Each structure stands twice: as structure tokens, then as C-alpha cells.
Amino acid sequence: MQTDIRTLQITEQDLERVTGREVTRLFIGSVYRISLLNNPKYLVPFLTSEAIALFLIAIFSLPISILLFQSLGKSIDTRQEQIGFAIFVFLLVLILFAGWNFIAWIRAKKMSCLSHLLDEVDKYNQVIAAVDLCDRLKSVGNQSANLNHREDILQALELTRDSLICGLTTEKILREHRRFLSGQRELFQNIEQNLIALKSLDVQNQADQYSSLLSDALVIGMNVQTEMLKLQTREFV
């Protein structure tokens, strides 16, 4: 990957620095990335995580169940009592598992804006990968992969990157300091200005072969602005 493209990437280290959370494909810290749960690609990892949680809850529930049974003056000596104990453990595990998932869902909903912004980061990095692929094909003599006005693409990507970083920074500030908002309007304005510049680039170059890359950058910028408008509506009203 060429240096000018590599420097535009948003890495996991960048995300951790800007958001203050460890970010993976499925989690933000210990919270589910709620926007990915509708994606079938992440169904298996999600179910695996749920199965692990259920297993751990079951392990910790067993000694608790024994102590509760003993405190109620009951034993598990007879078959009937063992069946009753098994039902009790099952119900306790079910209640704790449901409670854990309810809390996890509430926490995930609170991070929904960040989750959607991270989705846009993923799309942005995919555009970076597409440009890198074109560069690699061109380096081996495939002229059909030549990108005209490559500098304009890099400019669009830089504007999009700035918008994403501004969006992530704004979300973190509002999440951690919800009453300290007045000084952050400049970040919203930067996102709007970047979007205007992206639209200008897109309109000027709609006929060129790389217009789809510019359109992707524009869509990402618009999605970032949409998430920021949601934050403005929620926080400034």
C-alpha cells in the first residue's frame, strides 16, 4: 500500500484513541455493536458469544442454587427433590441470562450512534482498499485500473476521514460530558463544511471513471452528518 493511502486509513489504534473504547468487529469495549446484529455475517459470532455467556451464567448459578436450596431447608437426596432442584437451576439461569441480555441491550442502545459511525468507518476503509487494489493492478501494468485524477480521490478521502474523526470525537464528548456541549458546535460545522466540499468534488467529476469512489465517500459523509444531526436533536433540544 502506498504511503499516501496508508496514512488515510483509520486503524483500530486510531479508533481506540478517538473513541476511548477498544473496538472489534462485534464489540465496543464490552458492549455489542448493535448495528451489526442485523447482519447475517455476524450471526455465528454473536450466537457463540451468547452461548459462552449462558455457559458462564450456568456455572455460577449452580453453587448459588445449592446455597439457596439449603437456606430454604431443602435437600436433593430423593429423585423428586433432584428434579425440583434441576427445574430451580434452569429457571434461575434463564432469569439471569434474560436479565444479562436486557442490560446488554440497554447499554448497546446507548452506544447506537457510535456503532453506526463505526459502520461508516468500515465502509471508508473498504474504499481505501479499493483504491489500493487499483494502485496494485496499475503497478503490474494493468492500465484498465488506472485512476484518473487520483489526487481528487485522495482529497475526497481526506475530507471523509476528517468528518469521521470529527463525528467520533463529538460522540465521545457528548457521551462523556453531556452537559458540556457549547464548545463542540465547531466540530459539527467542520463536518458540514467537509460535506459541502465532497459534494462539490462529486458534481465536478460525475462523468469520470472513478466517480463511484467519490460517490461512496459522499454517502459516508452524508451518513456521518445524519448521525450528528440525531445527536444535535437529542442533546441540544
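Over residues 203-207, pLDDT stays under 50; pLDDT is the predictor's confidence in each residue, from 0 to 100. For this stretch the model has five contacts beyond four places in sequence, a contact being heavy atoms within 4.5 Å. Where pLDDT is low, the predicted coordinates should not be read in detail.

This is a predicted model, in which local features need pLDDT of at least 70 and side-chain atom pairs count only at pLDDT 80 or more, while totals for chains, interfaces and linings use all residues. Residues are numbered from 1 along each chain as its sequence is written, and side-chain values use heavy atoms, with hydrogens and water left out.

**The whole chain**

The protein chain has a mean pLDDT of 75, with 73% of its residues at 70 or more. You will find eight helices and two strands in it; these are DSSP runs, numbered from the N terminus (helices are H or I, at least four residues; strands are E, at least two). From the N terminus on, their order is α-α-β-β-α-α-α-α-α-α.

| Helix | Residues | Mean pLDDT |
|---|---|---|
| H7 | residues 185-204 | 59 (lowest) |
| H2 | residues 12-19 | 88 (highest) |

Of the 237 residues in the protein chain, 40% are buried. Buried means under 20% relative accessible area, exposed over 50%, and partly exposed in between (1.4 Å probe, protein chains only).

**Helix H6**

Helix H6 covers residues 150-176, 27 residues in total, and spans 39 Å from its first C-alpha to its last. That is close to the 39 Å expected at 1.5 Å a residue, where the expected span is 1.5 Å times one less than the number of residues. H6 is mostly covered, with 19 of its 27 residues buried.

Asp14 has a relative accessible area of 16%, so Asp14 is buried. A polar atom of its side chain lies 3.0 Å from the backbone nitrogen of Thr11. Beyond neighbours within four places in sequence, Asp14 is in contact with Gln9 and Arg161.

**The aromatic rings**

A search of the whole structure finds two aromatic pairs. One of them is the stacked pair of Phe27 and Tyr32, at 4.9 Å centre to centre with 25 degrees between the planes. Rings of Phe, Tyr and Trp (its six-membered ring) pair if their centres lie within 6.5 Å; planes under 30 degrees apart count as stacked, over 60 as edge-to-face and the rest as tilted. Tyr32 is buried at 6% relative accessible area, whereas Phe27 is partly exposed at 24%. Ring pairs link Phe27, Tyr32 and Phe46 into a cluster.

Key
A polar contact is a pair of N or O atoms within 3.5 Å; within protein, one must be able to donate a hydrogen and the other to accept it, and residues adjacent in sequence count only if both atoms are side-chain atoms.
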